[in-house]
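Subject: Structure handover

Hello,

Here is the structure you asked about. Please open it alongside this note, which goes through the findings part by part.

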Amino acid sequence: MTKMQEEKKPQTKCQSEFGELKHVVVCPPAYMEIRKVINETQKHYLNHNIDQDLAMKQHTDFVKALRDHGVDVMSLPAHEQFNEQVYTRDIGFCIGDTLFTANMGDEIRKGETKILREWLEKQGLTYKMVDEGTIEGGDVVVDRQRVWIGLSKRTDEKAVQQVQQQLPEYEVIPVRIREDILHLDCVFNLVREDLAILYPDAFERDDLERFRKLYNTIEISEEEQFYMGTNILSFAPDKLLSLPSNKRVNEALREEGVTVIEVNFSEIIKSGGSFRCCSLPLQRQ
């Protein structure tokens with residue numbers, strides 16, 4: 001690898017969900033559609049399905065918003081057999097300087113991690129595989145030396161234990177979420193070190209109280225949860241992307257001094273994910 005190639009190669013380091021975003025991986029929703037219902041949101045939209053042209057336009061606007069704010073956005077190749085590929089967060093996650101590839105909990109998505117691994121190898125990036133149990137990146141929320149991992153239908157205790165073994169210097173904390181919730185980031189997200197958005201009804205009492213002690217919380221309703229109120233994407237401290245439809249959440253964020261960039265993602269969320277789900281950060285400052 002030449003010196004110039006080495007300089008262009010992204011580094012892998014994510015110590016939080018809110019540091020300045022330098023490099024991120026996305027995938028265009030070229031083949032996005034609801035083929036098999038694999039979450040509660042898809043049940044609602046199955047008869048309408050996805051307008052692929054509109055989804056592509058909205059994803060292009062999303063990528064432009066990130067690039068306009070200085071983020072290096074890299075794209076995985078879209079493959080027709082993988083209709084959920086737009087949700088790149090789920091296929092990998094970065095904790096500190098360790099990049100993991102996921103072990104997907106649904107058969108329909110298992111081939112996506114192979115595409116990610118091949119892409120990472122072409123980029124000269126190293127990674128570790130989780131091969132015990134199942135885990136998806138949407139269940140992993142990083143807060144400096146503390147890592148929250150949702151126990152869901154897609155992520156189990158065996159995988160959490162393997163992550164903890166690989167990262168002994170981190171405190172890895174499993175959090176059980178309500179059975180009908182897809183991932184932790186559908187009900188909990190960090191805006192900065194002292195501020196979280198959460199949907200309280202998703203958690204057991206002790207976990208909810210723990211969150212409330214550690215963070216100031218913006219707590220959302222069932223309807224706001226359905227429309228992905230927690231699934232914002234921070235691209236710099238106190239700067240983030242959010243859906244224009246989540247007006248009360250966005251106003252609460254602005255009252256906390258957060259700059260909220262609104263991007264319409266209405267077609268993408270029909271399959272159960274929003275901005276955070278559609279981004280795999282490789283490096284944050």
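First, a term. Buried means under 20% relative accessible area, exposed means over 50%, and partly exposed is in between (1.4 Å probe, protein chains only). By that rule E136 is buried, with a relative accessible area of 0%.

Some ground rules. This is a predicted model, in which local features need pLDDT of at least 70 and side-chain atom pairs count only at pLDDT 80 or more, while totals for chains, interfaces and linings use all residues. Residues are numbered from 1 along each chain as its sequence is written, and side-chain values use heavy atoms, with hydrogens and water left out.

Helices (H or I, at least four residues) and strands (E, at least two) are DSSP runs, numbered from the N terminus. Contact means heavy atoms within 4.5 Å. Two strands pair if DSSP finds at least two bridges between them. Axes are lines fitted to C-alpha atoms, for helices over the stretch in contact, and angles run from 0 to 180 degrees between N-to-C directions.

Neighbours within four places in sequence aside, E136 is in contact with D90, A102, M104, G105, D106, R154, T155 and H183.

M228 is the second case. Its loop runs between α7 (222-226) and β12. M228 is buried, with a relative accessible area of 4%. Again leaving aside neighbours within four places in sequence, its contacts are C186, L243, N246, I269, G272, G273 and S274. M228 and L243 are 15 residues apart along the chain, and their C-alpha atoms are separated by 8.1 Å.

**Helix α3**

Helix α3 (residues 52-68) has 17 residues. From its first C-alpha to its last it reaches 24 Å, close to the 24 Å expected at 1.5 Å a residue. (The expected span is 1.5 Å times one less than the number of residues.)

Which residues of α3 are buried? They are A55, Q58, H59, F62, V63, A65 and L66. Seen down the axis of α3, they fall within an arc of 155 degrees, so they line one face of the helix. The arc is that of the directions from the helix axis to the C-beta atoms. An α-helix has 3.6 residues a turn, so residues three or four places apart point the same way. The buried residues of α3 pack against β1 (21-26), β2 (72-75), β12 (233-236) and β13 (239-242). On the other side of α3, D53, K64 and D68 are exposed.

Now the ends. At the start of α3, a side-chain oxygen of D51 comes to within 3.2 Å of the backbone nitrogen of D53. G70 follows α3 and has a positive phi, near 85 degrees.

**Sheet β6-β7-β8**

This open sheet has three strands in the order β6-β7-β8, with mixed pairing. β6 and β8 (171-176) are at the edges with a single partner strand each, so one side of each has no neighbour in the sheet. On average, neighbouring strands are turned by 20 degrees against each other, direction ignored. β7 (residues 146-151) and β8 run parallel, joined by six bridges. W148 has I173 in β8 as its bridge partner. Helix α5 (residues 157-166) packs on the sheet and touches β7 and β8. Its direction makes about 165 degrees with that of β8.

**Sheet β9-β10-β11**

Another open sheet has three strands in the order β9-β10-β11, also with mixed pairing. β9 (188-192) and β11 (216-219) stand at the edges. β9 and β10 (residues 195-198) run antiparallel, with four bridges. R192 has L195 in β10 as its bridge partner.

Helix α6 (residues 205-214) lies across β9, β10 and β11, at about 120 degrees to β11. In α6, D207, L208 and F211 are buried. Those residues fall within an arc of 100 degrees, so they line one face of the helix. R205, D206 and K213 are exposed on the other side of α6.

**Hairpin β3-β4**

β3 (residues 92-95) and β4 (residues 98-101) pair in the antiparallel sense over four bridges. They form a hairpin with two residues between them. G96 in the turn has a positive phi of about 60 degrees. F93 has F100 in β4 as its bridge partner. From β3, G92 and C94 point one way and F93 and I95 the other way, and all are buried.

Best wishes

Conventions:
Polar contact = N/O pair within 3.5 Å; in protein donor to acceptor, adjacent residues only side chain to side chain.
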